[in-house]
Amino acid sequence: MKRIGMFLISAGLLPLFFLAGCSQMGQTDQKQDRIPSRQEEDPLITENDMEKTMGAADSDAKEEPMEPEPAILLYQGQASIRIVTDEGKVIYIDPYAGDSYDLPADLILVTHSHFDHSQTEKVEYRNEDCRIITQKEAVLNGKHQNFDLGYVMVEAVEAGYNPLHDVNECVGYVLTFSNGKSVYVTGDTSTTKQMPLLREKEIDFAFFCCDGVYNMGLEEAAECVEMVGAKHNIPYHMTATTDGRHFDRELAEQFGAKNRLIVEDGEEILVE
């Protein structure tokens, strides 16, 4: 009887052992099938760490702002220049020489009233909001003005200091574009008191008149180059004649200035 009882008890316990074993095996299988989270693999990683990691990934995905492209400068001869900015704005300076006046103007700059600097009628095509700035707007009550047009900052600076060019009726201009690069045009002038102060502006391209007829000649212009300290120094307005070509290569090559850059009429450069 005792043996029968023990057999019955053993028989009753077998299903329990079997169920318990299945339960353990099921838990093991579940653990093997489940992929642990990164936090479970490395308990030192906190929620803040995870948020920072995700934030960095989002930041990397954002596009960086585009750098402004350089303005394109066309030298037309004498003191005439056309500039097209990165924004597509068109600027004419001292319109007279050349024939590239087909692009509609957004800004016309005039350094003084002499006919070889002020032929604004050559700019037939103008956008509706085209602005004209001459020496009259640029010098008010003896003070040189600044003009922030968004796509360019225009600073009027001194010009003149000789019998045919009065400092109150003539200006040069410093133009600074959206990429931070700058261009200085002297206009018709001799050495000015302001030139040494322009060094602080770290000008990229500077145009110096060199005709030597009631203006500074090559030697004086080279001295002004040292004062201004621009990165590139370009001779222009090299002749006082009003016929023929408004550029003199032979004279330009005699411009003995540091960091000289010769730009022929009809040639383009990037303001970069």
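The following legends describe close-up views of a predicted model.

**View 1. The six-stranded open sheet.** Six strands are arranged in the order S5-S4-S3-S2-S1-S14, and their pairing is mixed. Strand S5 (126–133) and strand S14 (267–271) form the edges, each pairing on one side only. From one strand to the next, the twist averages 20°.

**View 2. Pairing of strands S3 and S4.** Strand S3 (residues 90–93) runs parallel to strand S4 (residues 105–109), with three bridges between them. Isoleucine 93 has leucine 109 as its bridge partner in S4.

**View 3. Strand S12 and its two neighbours.** Strand S12 (residues 205–209) pairs in the parallel sense with strand S13 (residues 232–236) over five bridges. Strand S11 (residues 182–185) also pairs with S12 in the parallel sense, over three bridges. Phenylalanine 205 of S12 is the bridge partner of valine 183, and histidine 232 in S13 is the bridge partner of phenylalanine 205.

**View 4. Side chains of strand S12.** Five of the five residues of strand S12 (residues 205–209) are buried, and the strand is mostly covered. Phe205, Phe207 and Cys209 point one way from S12, whereas Ala206 and Phe208 point the other way. Burial applies to all of these residues, whichever way they point.

**View 5. The nonpolar cores.** In soluble globular proteins, nonpolar side chains tend to be buried together. The largest nonpolar core in this model comprises 56 residues. Those with the most contacts inside this core are Ile91, Tyr173, Leu175, Tyr184 and Phe208. Helix H6 (residues 218–228) supplies the largest share of the core, namely six residues. Another core, of eight residues, lies apart from the largest one; among its members are Val90, Ala105, Val110 and Cys130.

**View 6. The largest pocket.** The largest pocket holds about 200 Å³ of space. This pocket is lined by 16 residues, of which His114, Asp116, Asp188, His237 and Ala240 are the closest to its centre.

View 7. Asparagine 141 occupies the loop between strand S6 (139–140) and strand S7 (143–144). Asparagine 141 counts as exposed because its relative accessibility is 82%, and the cut-off for exposure is over 50%. Asparagine 168 is 27 residues from asparagine 141 in sequence, and the C-alpha to C-alpha separation of the two residues in space is 8.7 Å.

How values were computed
Residues numbered from 1 in each chain as written. Predicted model: local features only at pLDDT ≥ 70, side-chain atom pairs only at ≥ 80, totals over all residues. Heavy atoms only, no water. Core = buried A, V, L, I, M, F, W, Y, C linked by side-chain atoms within 4.5 Å. Buried < 20%, exposed > 50% of the residue type's maximum accessible area, 1.4 Å probe, protein only. Helix = DSSP H or I, 4+ residues; strand = E, 2+ residues; numbered from the N terminus. 1 Å grid on protein atoms, 1.4 Å probe; cavity = no way out; pocket = protein on both sides within 12 Å on 5 of 7 lines; lining within 4 Å. Points joined across faces, edges and corners; volume = space filled by probe spheres on them. Pairing = 2+ DSSP bridges. Axes fitted to C-alpha atoms, helices over the stretch in contact; angles between N-to-C directions.
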